[in-house]
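I set out to record a few local features of this model in my notebook. The entries below follow the order in which I looked them up.

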Amino acid sequence: MWEHVNLTTAPPGCHCAPLHPPYNGALPNGDRGRRKSRFALYKRPKANGVKPSTVHVISTPQASKAISCKGQHSISYTLSRNQTVVVEYTHDKDTDMFQVGRSTESPIDFVVTDTISGSQNNDEAQVTQSTISRFACRIVCDRSEPYTARIFAAGFDSSKNIFLGEKAAKWKNPDGHMDGLTTNGVLVMHPRGGFTEESQPGVWREISVCGDVYTLRETRSAQQRGKLVESETNVLQDGSLIDLCGATLLWRTADGLFHAPTQKHIEALRQEINAARPQCPVGLNTLAFPSINRKDVVEEKQPWAYLSCGHVHGYHNWGHRSDTEANERECPMCRTVGPYVPLWLGCEAGFYVDAGPPTHAFTPCGHVCSEKSAKYWSQIPLPHGTHAFHAACPFCATQLVGEQNCIKLIFQGPVD
């Protein structure tokens, strides 16, 4: 369903944290080449950015092909069978360009794929027909301070061309320049208040091929564009979400990550909660969160929780309320009926808005993080399919349910 991009870096400091649904900070088979659980953008040894230059109005497809085969970057807007506008792009020594998409061809710097939410097995996560564009978007970063990063819909293919066919949404702006939208669109949401404890969800917008900001279309692939939002820009901020219709990326800046919790901090929190020796209130056995590198294997000491009340237990096989609802259990502490699941520590540090202790669990998946991080993600409406939005766990992409989408956990300390 969605993929998470998490970027950590030194200058130019664009950090994208890919929200990889079932992976909680690591791909099942490990990071390989351009397919990773998080991507870091660094200043290139040599600038590879491009900027618009010459515009050609072409009357035949053959002429259009001739223009776009010069080895020069270009964007082709097909208006009709008899008219195509080709905008040539020239080298820009002041910017670096990074491209994101489903294609494994060389122009794509970061390869992202659709994944099924909540799937723990890569084989289960095969998608029959991807909705992510092969050349989905491009991120252009200034090579000088403050290293501003801007996002644009669509990426240049192996022929250095972006091609918007007859059916694609496209138009001529009042100033005369052409623009358009990709089939399923590139959506961006900037959080209000930055990516901090005080963050609030922003408004989802669509980014055009030339980087302008629009309100959302009626449906994801409608031909009628939304309204231009002149007061907003395509500049990425710490905590910006980028949705590619099948993958959602979280953008983190170098400064934002400098002040964010680290993997070591999360490991320290895990050791701290285990050192407190929480116990199952019924079996009285000591519970412990498994190490981060064993986060997919349910262990004997694994904490489990009733997600309707938050009481934490060890695993037991009683309390079933019906044969049909296998996961509906009655808590032996308070008699509340609800899902009973193993708890997993959220391991991707880029998702945390603060460094607080892991006290809250998302429902119904059982991923655990700080209270403020849980409440932040519980409020975020993430795009789903072509027109729906719903909150999802950032660690596994499972759609959240319940009154608050998360629950405060109630641990019992040792009785001795």
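**Entry 1: a loop residue.** I began with Lys160, which lies in the loop between S10 and strand S11 (161-164). I note that helices (H or I, at least four residues) and strands (E, at least two) are DSSP runs, numbered from the N terminus. The phi of Lys160 is positive, about 65°, although the residue is not a glycine. I then looked up its accessibility: Lys160 counts as partly exposed because its relative accessibility is 34%. For these classes, buried means under 20% relative accessible area, exposed over 50%, and partly exposed in between (1.4 Å probe, protein chains only).

**Basis of the entries.** I am working from a predicted model, in which local features need pLDDT of at least 70 and side-chain atom pairs count only at pLDDT 80 or more, while totals for chains, interfaces and linings use all residues. Residues are numbered from 1 along each chain as its sequence is written, and side-chain values use heavy atoms, with hydrogens and water left out.

Entry 2: I found another non-glycine residue with a positive phi, Asn405, at a value near 75°. Asn405 sits in the loop between strand S27 (388-390) and S28. Is Asn405 buried or exposed? I recorded Asn405 as buried, because its relative accessible area is 14%.

**Entry 3: cis peptide bonds.** I looked up the bond between Glu145 and Pro146 and found it cis, with omega about 5°. Pro146 belongs to the loop between strand S9 (137-142) and strand S10 (149-153). I also noted a cis peptide bond from Thr363 to Pro364, where omega is near 15°. Pro364 is placed in the loop between S24 and S25.

**Entry 4: helix H4.** I asked which residues of helix H4 (residues 371-379) are buried. They are Ser373, Ala374, Tyr376, Trp377 and Ser378. The partners are strands S14 (186-189), S17 (241-243), S18 (248-253), S24 (360-362), S25 (367-369) and S28 (406-408).

**Entry 5: an open sheet.** I recorded an open sheet of 4 strands in the order S20-S19-S22-S21, with antiparallel pairing. Its edge strands are S20 (312-313) and S21 (328-330), each of which pairs on one side only. Two strands pair if DSSP finds at least two bridges between them. I found 2 bridges joining strand S19 (residues 304-306) to S20, and the two run antiparallel. Ala305 has Val312 in S20 as its bridge partner.

How values were computed
Contact = heavy atoms within 4.5 Å.
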